[in-house]
Amino acid sequence: MILFDAFIEASKNMHKCNHKNQSSSDVRHDRCLLLEELDLTGNVIGDSIDKYVKAYVFMPHLRCLKLYCVALKPHHCEKLFDGFIKAGQTRDGGLALEVLVLSGNEIGDSVGKLAQAYKYMTSLRCLHLQNTRLNPSQFAVLFDGFITAGKMLTQQDETSSNTQGDASSTSQSGLRIEDLNLSRNEIGDSVDKLLEALRYMPRLKKLDVRSCQLSEESKEMISNVLKTNDTYIIGLT
């Protein structure tokens, strides 16, 4: 996609301009684009995902990425998530992403990479995975990723709280996620993993589980787990 080439070229031009006015010790982030929001909804990215991953390296400030129905298949998603992982490993504090929309694409078996990438998305507030063709075993992998990240953040929050002497802050420890859309996928018998993951989501305000092949018992358990959160749940009736 020509657009992604333009992003890469722009970063190179920024490097040339900044390098003229900075000493060598000040050029560490001189190729960074200031882009904070990117909405590519309804376009066909497909095989050009490689170009996007290269461009993403220069987008450390990107907070909102919407890739709704952009014709991504599992092998495309795997490259995207690998890009997230590599960027997260090199950026202090992880990725800046707060909103990530992947609905309408086929994640499939690349979900393992998304689970790995999630631990670098410590600021993520909104995750939409509607109709991404995930089955129970794939959801179990994703929920394990949530649990791992949740435990990590809870430990960090507790350490910070003990250092500052503020025990009240631990009530909101865990994942920062506020809006989670899992609708039109098959959660099925991976619901136990979901229930455990939800315990690390104290800020969750909205959960969408429409058409997720959940039993009445599973729906009741989800409702009970989130009762204290006052979460708006779609798909339980």
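How are α6 and α7 oriented to each other? The axes of α6 and α7 come within 10 Å and cross at roughly 10°, and the two helices are therefore roughly parallel to each other. Angles under 35 degrees count as roughly parallel, over 145 as roughly antiparallel, 65 to 115 as roughly perpendicular and the rest as oblique.

## Basis of the report

This is a predicted model, in which local features need pLDDT of at least 70 and side-chain atom pairs count only at pLDDT 80 or more, whereas totals for chains, interfaces and linings use all residues. Residues are numbered from 1 along each chain as its sequence is written, and side-chain values use heavy atoms, with hydrogens and water left out.

## Overall architecture

The chain has 7 helices and 7 strands. Helices (H or I, at least four residues) and strands (E, at least two) are DSSP runs, numbered from the N terminus. Along the sequence these elements follow the pattern α-β-α-β-α-β-α-β-α-β-α-β-α-β.

Of the 237 residues of the chain, 48% count as buried. Buried means under 20% relative accessible area, exposed over 50%, and partly exposed in between, with a 1.4 Å probe and protein chains only. Among contacts in the chain with a separation of 6 or more, 82% are between residues 24 or more positions apart; contact means heavy atoms within 4.5 Å.

## Helices α6 and α7

The α6–α7 contact is made by Val191, Leu194, Leu195 and Leu198 of α6 and by Ser218, Met221, Ile222 and Val225 of α7. By class, these residues divide into 7 nonpolar, 1 polar and no charged. Ala, Val, Leu, Ile, Met, Phe, Trp, Tyr, Cys and Pro count as nonpolar, Asp, Glu, Lys and Arg as charged, and the others, Gly among them, as polar. The axes are lines fitted to C-alpha atoms, for helices over the stretch in contact, and angles run from 0 to 180 degrees between N-to-C directions.

In helix α6 (residues 191–198), the buried residues are Val191, Leu194, Leu195, Ala197 and Leu198. Seen down the axis of α6, these residues fall within an arc of 165°, so they line one face of the helix. The arc is that of the directions from the helix axis to the C-beta atoms. An α-helix has 3.6 residues a turn, so residues three or four places apart point the same way.

## Helices α3 and α4

The axes of helix α3 (residues 74–90) and helix α4 (residues 111–118) come within 9 Å and cross at roughly 15°. That angle makes α3 roughly parallel to α4. The contact involves Glu78, Phe81, Asp82, Phe84 and Ile85 of α3, together with Lys113, Leu114, Gln116 and Ala117 of α4. This contact of α3 with α4 has 5 nonpolar, 1 polar and 3 charged residues.

Within α4, the buried residues include Val111, Leu114, Ala115, Ala117 and Tyr118. They cover an arc of only 165° around the axis, which puts them on the same side of α4.

Serine 110 is placed in the loop between β3 (99–101) and α4, and it is buried, with a relative accessible area of 2%. Not counting residues up to four places away in sequence, serine 110 touches Pro74, Cys77, Glu78 and Phe81. The C-alpha atoms of serine 110 and phenylalanine 81 are separated by 8.1 Å, although the two are 29 residues apart along the chain.

Lysine 73 lies in the loop between β2 (64–66) and α3 and is partly exposed, with a relative accessible area of 38%. Its C-alpha atom is separated by 4.8 Å from that of glutamate 106, 33 residues apart along the chain.

Threonine 132 is located in the loop between β4 and α5 and counts as buried, at 0% relative accessibility. Leaving aside neighbours within four places in sequence, threonine 132 is in contact with Leu102, Ser103, Gly104, Asn105, Glu106, Ile107, Gly108 and Asn185. Arginine 133 is found in the loop between β4 (126–128) and α5 (136–164), and at 55% relative accessibility arginine 133 counts as exposed.

Most residues other than glycine have a negative phi. Phi of arginine 133, however, is near 60°, a positive value. Aspartate 230 also has a positive phi, near 60°. Aspartate 230 lies in the loop between α7 (216–225) and β7 (232–234) and is exposed, with a relative accessible area of 70%.
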